Amino acid sequence: MGWAIALHGGAGDISLSMPPERRLPREAALRHCLRIGVDALQTQKHPLDVVELVVRELENHPNFNAGKGSVLTTVGTVEMEACIMDGKKNCGAVSGLTTVVNPVSLARLVMEKTPHIYLAFEGAEYFAREQGVETVNSSHFVTPENVERLKQAKEANRVQIDYTQPIQKDGKTENPIADGDGDSQIGTVGCVAVDGNGNLAAATSTGGLVNKMVGRIGDTPIIGAGTYANSLCAVSATGKGESIIRGTVARDVAALMEFKGLSLREAAAYVVEECVPKGKVGLVAVSASGEVTMPFNTTGMFRACATEDGYSEIAIWPSVQE
Amino acid sequence: MGRWAIAVHGGAGVDPNLPQQRQEEAKQLLTRCLNLGISALRSNLPAIDVVELVVRELESDPLFNSGRGSALTEKGTVEMEASIMDGPKRRCGAVSGLTTVKNPISLARLVMEKSPHSYLAFSGAEEFARQQGVELVQNDYFITEENVGMLKLAKETNSILFDYRVPLETCSAGAAAGMDSTLKMNGLPISVYAPETVGCVAVDSEGRCAAATSTGGLMNKMTGRIGDSPLIGAGTYACELCGISCTGEGEAIIRGTLARDVAAVMEYKGLGLQEAVDFVIKERLDEGKAGLIAVSRNGEVTCRFNSNGMFRGCATEDGFMEVGIWD
């Protein structure tokens, strides 16, 4: 028993030949966010505060698909969504945000300051103003990389799950490989944490899918799909939203532990291997007893974790023992 | 060759003082919808078509809280949501924030079948509706006089009827006082219990299950508020084993991932439909009040609720048919 934390910056077809100038800043971001989360846990912050803090940091980082750096809708705009849940099953979710700097914090306010669980679009933006959270012009969230991604997706006339390498300027086209539909898959950021008393929390945030239809909602804000926590574990998932919704991924990890008596690791591995098609999902999860797991069935997943007994890991592709 | 079964609901949480006439109307509507579904199943329509057509019928009738007759937002407008799920491949579609789409459940189906996504909302959903050429109407088509009255009451008592009861201490009519102190608005008795959702689950003779749920949401809700009905795993779920549609306190249903839990308990614990449903209603709602209807691929059907009443009906191929409101 002890605290544990895990976070992710998205699972997908992350090219193994990612050049250092792309890889290093992302690894540094993961390291930085892990540090922040660990410090918070070590100073006895409640896991709910910890996951919010870490996800805010990931949202602010332009290289991940959440907050600043969110991928773009088919009309070139940003529509962000987020969700937060604690082990007592209090939860909050938001969708369709266009000006809110930190969607995860608005999700928390929905949970704590309204009689509802989920607010979206205009209603959510209006609530944000009422609450006085930080809002900016939505151009703040748009990065040149994502403008390029959208352009490519439109050219290829498909909806991506975000992480294609932008086409190299020297004309070499890096085609997303691997799964049949050619979509490369990264999306979403998330964090799960547990303290020494078994208090759990999960939070997830995203810009969604590149070239998504305006108004498209993914798995992230859907309790039980992209985000879930109860007294046994906390889970945050990433990947192809439509598959994660159908597979009720986050809920199923907890359900397998409860109904089949599987361990956290076994339950998470089962869901990732059996409940969702290959190349579509990754997740991070912690259990009430301080275990952590980060399985994925994609080429890679930006991730980091640490436990009180000193273990820590920052990685992108499968580690040797997996 | 399996046996078909079907269940419909018009919401959980019923005013114990509901006038007899209203009770009769509700039972007649449920019966009519059940019969519609039964004919469809008898003519071998797949379960997914059956649940859609039954919910369309419920949406079109102003009696329950969906489509026409939807509860009103704090601004007096209607924002509808719905979801549908097809058991065999667990395909699903959902919509929220609809203001002009006559049949939200059909748009949810189109999202499932004609879009690359599972869930569309607000202006994006309305735009998709226009592209798909579905029937659109003015927002006031959905608004009924009764619900305008209900909204006024909710505002007067400064409450969101999210546990579908006007808080007794703030309700001047003191509905707790006695059975005969029904609230009146313009001389007509109105229920202080906000109406709830509608839904249908069915299993066809091929053993395919499907589920569909549709609602206007909570009376006096904040604009942009999304409830359990469009959330796969909460208000609606279907897989190879079963199909479920829930109704009641949205928050409790979401936190309890009610619809998915019935199926998960069957899948992971090997419980039968009835046991799974009983377990979920008993163990997964904490202090929340809700109900659900469910079918299994073996042709079983059940309905359970911990609320005060639930408008429901169910029927099976071997001739069983029942429509009810109370325990």
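Reply: The open sheet has 9 strands with mixed pairing, in the order β12(A)-β11(A)-β1(A)-β5(A)-β6(A)-β2(A)-β3(A)-β4(A)-β9(B). Strands here are DSSP runs (E, at least two residues), and helices are DSSP runs too (H or I, at least four), both numbered from the N terminus. Two strands pair if DSSP finds at least two bridges between them. The model is predicted: local features need pLDDT of at least 70, side-chain atom pairs count only at pLDDT 80 or more, and totals for chains, interfaces and linings use all residues. Residues are numbered from 1 along each chain as its sequence is written, chains are lettered from A and ligands numbered from 1 in the order in which they are written, and side-chain values use heavy atoms, leaving out hydrogens and water.

In chain A, β2 (residues 80-86) and β3 (residues 91-97) run antiparallel, joined over 5 bridges. Here A:Ala82 stands opposite A:Val94 of β3(A).

Helix α2 (residues 47-60) of chain A touches β1 (4-12), β2, β5 (189-194) and β6 (200-206) of chain A. Touching means contact, with heavy atoms within 4.5 Å. The direction of α2 in chain A makes about 160° with that of β5(A). Such angles run from 0 to 180 degrees between N-to-C directions, and axes are lines fitted to C-alpha atoms, for helices over the stretch in contact. Helix α3 (residues 103-113) of chain A touches β2, β3, β4 (118-120) and β6 of chain A. The direction of α3 makes about 130° with that of β3(A).
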